[in-house]
Each structure stands twice: as C-alpha cells, then as structure tokens.
Amino acid sequence: MTDRIYPDDPVGSFPPPPATLTDAESREIRVRESGRDDLDALVGMYEDFDPADRAQGIPPVDPDAIREWLDAIVTPEAVTVVAEHDGRPVGHAILVPDSGEGYELAIFILDEYQGAGIGTELLEHLLGQGQAAGVGRVWLTVERWNEPAIALYRKIGFETSSSESFELEMSLRL
Amino acid sequence: MKVLLGTGGREDGFDALARTLERTREAGDDLTVAVLETSSDVDVESVADDVREQVTASGIDADVRVLEGHPGSQLVEFAETEGFEQIVLGGGQRSPLGKIDLGEVAEFVLLNADVSVTLIR
C-alpha cells in the first residue's frame, strides 16, 4: 500500500469555498471551510447520521467515539469543508494527510440531503480548498457496490487505482 | 477447540495474536499460529521469530508454522487438511481517516474457508 497509484495528469481546477447554492429540493445550502471550531456541530451531525450509510467502520455510532474520531482527523493539517442548511451542518468532507504525500478523502451527507446535488458541490469545493492548500494527490476507498458514490467520484475526475481488495480504491491528481 | 490464527506480521495481526492468546488461555483452546507470506517486503522467518517470542512470553503452548505461497489459499488448505474448527484473522488496518481496510487475504479466507472465521477488532 506504500506505492499508491495516481493518474498521470491533473484534473484541472476546482472552486474554493465559500459558496451558496440552491439544491434540487430548493434548499439554500452554504458550503464553507470548517475546522476544529466546528467540532461540536459536527459531532451533532454525525449523531444524526443514518447507520446504513456508514462505510468501513466510520463514522462511529457512539457519541464519545464520534468525538474521538473527529478529534483525530480534524487537525490543522487536514482540509475540511462543511455544507450547512439553516446554520446546521448537513454534509462534511475532508482530506486527511497519509504517511506519504497523499491525502485520503471522505464525504458524508445526512440521508435527507442526499441525491440533491450537494455531494458534487461539497467535493468540488473540498478539492478547491485542497488546491489552495497545496494538496497534489488525493485517494479514497469505496465499497464496490456503492455505485452512486463511485459515479460521483468518477464525475469529479477520480480513476480506479486498485480493485484487489474488498473496497475499490480511486485516486486523482490535483 | 482447534483454532488456527493466520498473521502476516502487520500491526493488526500482532494485536489479533495477543487477543487470541488471551482467549486461548480462557477457553483452553488448542492454538496454532500460521505466519503467512503476505508481502514480498516482509521476511516471514523474522515475523515467525517475533510471533514465537510473543507466544513463549504468554506461557501458552502453541505451534507456530510458516506457510509459504499464496497466503489465503495456503491458510484455508492448511485449516482443512489439519482439521481446524476455526480460523482467526486480524480485523484489518485503519486508514488515516479511520476506515477499516480488510485486504485480500481476509477476503479470500472469508469466501473460501469451510470453517467459521473470526476477525479480531
């Protein structure tokens, strides 16, 4: 796993946050950079997260475990954006540095806000924020059966880099 | 019960070893540890030495074997021919984001073993 594969060419540029958009359900969604100041609100969002949408053990279910997990990944070195509706986080995306030069990506959206175009916007602004922070290599893993997520990652520019494991690994060069 | 623990020398494998030794003591199981060739950059004999050291330190009488070749199939074949009742594996590594990464050995064993498989988490 030390020699992760990335596409040869960068995918182009993405818009940095903040942004305000109207989703497919006519809700006004604000996308902005987030950080450790948002930990309490993010814990609240993950407490509302549908357990069926968990992936590979995250987010944890227990509130204390959620806080511990967020505390470990929402660091000054991470790049993180949040989507808010009525001032409340409904989606969260993050790039966490790995032990090499890459960043692992994950995105979580509350059930009732899925399928409304928020994921695409959140990912694009996360990658825009990543570009501004000098992130060059991004990878993720996704369950093979999670076709909506895989389609979204492909649309953004991710390519499959490894399919030998339970999870599909995809990567992108910024 | 005749229990077979497979490990490739990764951190989750040694964690599984510690927990399985504990369980072996409590349950009075008959434990064998198989050291697998999971990657070309790991020296199986040196992993086996570390495993033997941990087993000896625990005071449990467990056999430690090196299985050469394709790790998943060797483990499953060994379990079948030696009549093991349960296979135990490490429960996967955590990614920087905290995601569980199970890996191909676990997948192969889960799909191909004809005995119960326990993942230690």
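## Helix 1 of chain B and its surroundings

The buried residues of helix 1 of chain B pack against strand 1 (2-7), strand 2 (30-36), helix 2 (44-58), strand 4 (86-90), strand 5 (93-94) and strand 7 (116-120) of chain B. Helices (H or I, at least four residues) and strands (E, at least two) are DSSP runs, numbered from the N terminus. Which residues of this helix are buried? They are Asp12(B), Gly13(B), Ala16(B), Leu17(B), Thr20(B), Leu21(B) and Thr24(B). Here, buried means that 20 or more other C-beta atoms, placed from the backbone, lie within 10 Å of the residue's own.

Helix 1 of chain B covers residues 11-27 and reaches 24 Å from its first C-alpha to its last, close to the 24 Å expected (1.5 Å times one less than its number of residues). Just after this helix, Gly28(B) takes a positive phi of about 70 degrees.

## How to read the model

This is a predicted model, in which local features need pLDDT of at least 70 and side-chain atom pairs count only at pLDDT 80 or more, while totals for chains, interfaces and linings use all residues. Residues are numbered from 1 along each chain as its sequence is written, with chains lettered from A and ligands numbered from 1 in the order in which they are written.

Chain B averages a pLDDT of 94 (the predictor's confidence in each residue, from 0 to 100). For the complex, the predictor gives an ipTM of 0.88 and a pTM of 0.87.

## Chain A at a glance

Chain A has four helices and eight strands, running β-β-α-α-β-β-β-α-β-α-β-β from the N terminus on. Of its 174 residues, 37% count as buried. Helix 4 of chain A (residues 147-156) is hardly covered, with one buried residue among its ten. Just after helix 4, Gly157(A) takes a positive phi of about 125 degrees.

## The nonpolar cores

A nonpolar core is a set of buried Ala, Val, Leu, Ile, Met, Phe, Trp, Tyr and Cys residues joined through C-beta atoms within 7 Å. The largest one has 43 residues, and Leu95(A), Leu122(A) and Leu126(A) have the most contacts inside it. Strand 5 of chain A gives the most to this core, with six residues. A second, separate core of 25 residues includes Val35(B), Ala62(B), Ile87(B) and Val109(B).

## Where the chains meet

The contact (C-beta atoms, placed from the backbone, within 7 Å) takes 15 residues from chain A and eleven residues from chain B. On the chain A side, helix 2 (63-73), strand 4 (88-97) and strand 5 (102-109) each give two or more residues.

Note on methods
Contact = placed C-beta atoms within 7 Å. Buried ≥ 20, exposed ≤ 12 C-beta atoms within 10 Å, placed from the backbone.
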